[in-house]
Amino acid sequence: MARKVITIALNGVTGRMGYRQHLVRSLLAIRDQGGVLLPDGSVVYPEPVLVGRDERRLRDIAARHGLARWSTSLDEVLSDPDLDVYFDSQVTSVREASLEKAIAAGKHIYTEKPVAGSLDGAVRLAAAARDAGITHGVVQDKLFLPGMIKLRRLIDSGFFVLAVRLEFGYWVFEGDLIAAQRPSWNYREQDGGGIVLDMFPHWQYLLEDLFGPIAALYARRATHLPRRWDESGQPYEVTADDAAYAVLEFASGAFASVNSSWVVRVNRRELVELQVDGTHGSAVAGLRHCAVQQRVSTPMPVWNPDLPDPIDYLAQWTDVPDNQAFENGFKAQWELFLAAAAQGVPFRWDLADGARGVQLAELALQASAEGGLRWAR
Ligand SMILES: NC(=O)c1ccc[n+]([C@@H]2O[C@H](COP(=O)([O-])OP(=O)(O)OC[C@H]3O[C@@H](n4cnc5c(N)ncnc54)[C@H](O)[C@@H]3O)[C@@H](O)[C@H]2O)c1
């Protein structure tokens with residue numbers, strides 16, 4: 001069987017996403033399974049080149065996983081004619097400049113979201129990638145969540161139409177009594193932080209994939225906690241939004257209320273939940289689960305604060321069975337991207353799609369600054 005090695009620069013590989021999701025759970029797992037099978041029967045096999053700022057950490061990761069190549073010089077790596085793909089999971093604030101360099105060097109591009117810090121930047125990148133004739137793609141992992149795949153199954157069966165409620169979030173520890181579970185740059189606007197820039201790109205592709213184009217939005221962002229403590233235990237001022245409250249209107253006429261917060265204690269089954277109410281029934285989908293209540297099995301609530309409510313509402317939902325094996329979404333998307341890049345064909349979720357995600361985030365930020373309302377299209 002013919003085997004083609006595809007060499008990939010992984011920039012930001014010492015970070016949470018770069019190391020765990022992209023290197024270990026995706027590319028190393030693909031190497032362990034022998035590569036990705038292409039339609040012509042050949043196999044594409046990824047060869048990572050670790051890129052970052054800290055030589056010791058890169059060397060450690062390379063040694064831990066038996067990898068041969070690492071570098072602290074992006075320019076040097078990009079000048080290698082044998083390098084095929086540039087992947088970026090650095091902090092958001094430095095992404096655009098690195099992607100620009102990689103596109104200019106003629107490499108295929110795959111990147112974490114948001115693709116840039118502004119819509120202008122994102123559109124520039126998408127145009128440059130198109131002109132360069134490369135294969136380019138953006139991570140859209142939430143499409144691959146088992147709960148969302150089950151929800152899509154229900155929507156495709158004609159189940160829903162009316163309204164959506166999205167609740168996302170959890171308590172991110174302040175960092176004083178106990179270390180925070182997310183990096184501190186997320187809470188500093190000057191470092192590319194903020195929940196709107198982080199999560200609205202996800203909401204754009206997920207919600208438009210499920211419910212069609214977004215026509216308008218109302219959004220407000222908030223900074224609820226003004227002070228946090230960083231990785232070295234030093235207090236810092238929070239300059240980015242740690243929560244956002246939005247209402248979206250879809251071209252279909254459906255509405256979604258979308259709450260995103262790092263300052264909320266979880267009282268839900270999962271860290272993200274999407275309730276969809278429709279004529280034939282309702283569903284609540286999360287990372288893994290999707291529970292439904294059919295029209296015919298909907299209980300009839302009667303408002304009466306004088307008596308205990310006899311209905312156990314939560315007991316009247318039924319879990320949609322798995323009925324299929326769910327692949328790790330990051331790995332599944334890498335496999336699709338490697339196949340596209342190896343064949344030199346367009347990838348299904350490209351930098352123009354990435355720009356749409358940044359657009360929704362930017363519209364939400366503008367709306368918030370101007371008092372709320374904004375038309376998205
Ligand atoms: N798809 C998803 O579900 C998802 C989830 C979380 C984060 N992300 C995105 O992934 C990216 C990384 O997030 P993370 O949580 O892994 O962050 P992280 O802080 O854990 O990792 C960031 C990486 O960038 C490097 N870095 C930091 N500052 C830098 C600088 N000034 N110049 C160059 N490199 C620098 C770090 O060394 C590290 O390798 C962000 O853009 C974030 O929006 C995506």
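**Notebook: strand pairs, sheet order, domains**

I was reading a predicted model. I then looked up the strands around this pair. Strand β8 covers residues 163-169 and strand β13 covers residues 255-261. The two pair in the parallel sense, over seven bridges.

**Packing on the sheet**

Helix α6, residues 146-156, lies across β14 (272-277), β15 (281-285) and β16 (290-294). I noted the angle to β15: about 165°. Helix α9, residues 351-370, also packs on the sheet. I found α9 touching β9 (214-222), β12 (243-250) and β18. The direction of α9 makes about 60° with that of β9.

**The whole sheet**

Next I wrote down the strand order. It reads β17-β16-β15-β14-β8-β13-β12-β9-β18. That is an open sheet of nine strands with mixed pairing. Which strands stand at the edges? They are β17 (318-319) and β18 (373-375). Each has a single partner strand, so one side of each is left without a neighbour in the sheet.

**Strand β5**

I moved to β5, residues 85-88. Are its faces covered or open? Both are covered. V85 and F87 sit on one side, Y86 and D88 on the other, and all four are buried.

Strand β1, residues 3-11, pairs with β5 in the parallel sense over four bridges. Within that pairing, L10 has F87 of β5 as its bridge partner. Strand β6, residues 108-111, runs parallel to β5 and is joined to it by four bridges. Here D88 has T111 in β6 as its bridge partner.

I followed the chain from β5 to β6. It passes through helix α4, residues 95-104. This β-α-β crossover is right-handed.

**Domains**

Last, I looked up the division of the protein. Domain 1 is 3-140 + 328-350, and domain 2 is 142-324 + 360-370. Their C-alpha centres lie 29 Å apart. How many residues are in contact across the two domains? I have twelve residues of domain 1 against 13 residues of domain 2. Helix α8, residues 329-343, gives the most to the side of domain 1 that touches domain 2, with three residues. I also sorted that side by residue class: four nonpolar, seven polar and one charged.

Note on methods: Residues numbered from 1 in each chain as written. Predicted model: local features only at pLDDT ≥ 70, side-chain atom pairs only at ≥ 80, totals over all residues. Domains from an automatic or database assignment. Contact = placed C-beta atoms within 7 Å. Nonpolar A, V, L, I, M, F, W, Y, C, P; charged D, E, K, R; others polar. Pairing = 2+ DSSP bridges. Axes fitted to C-alpha atoms, helices over the stretch in contact; angles between N-to-C directions. Buried ≥ 20, exposed ≤ 12 C-beta atoms within 10 Å, placed from the backbone. Right-handed = clockwise from strand over helix to strand, strands pointing away.
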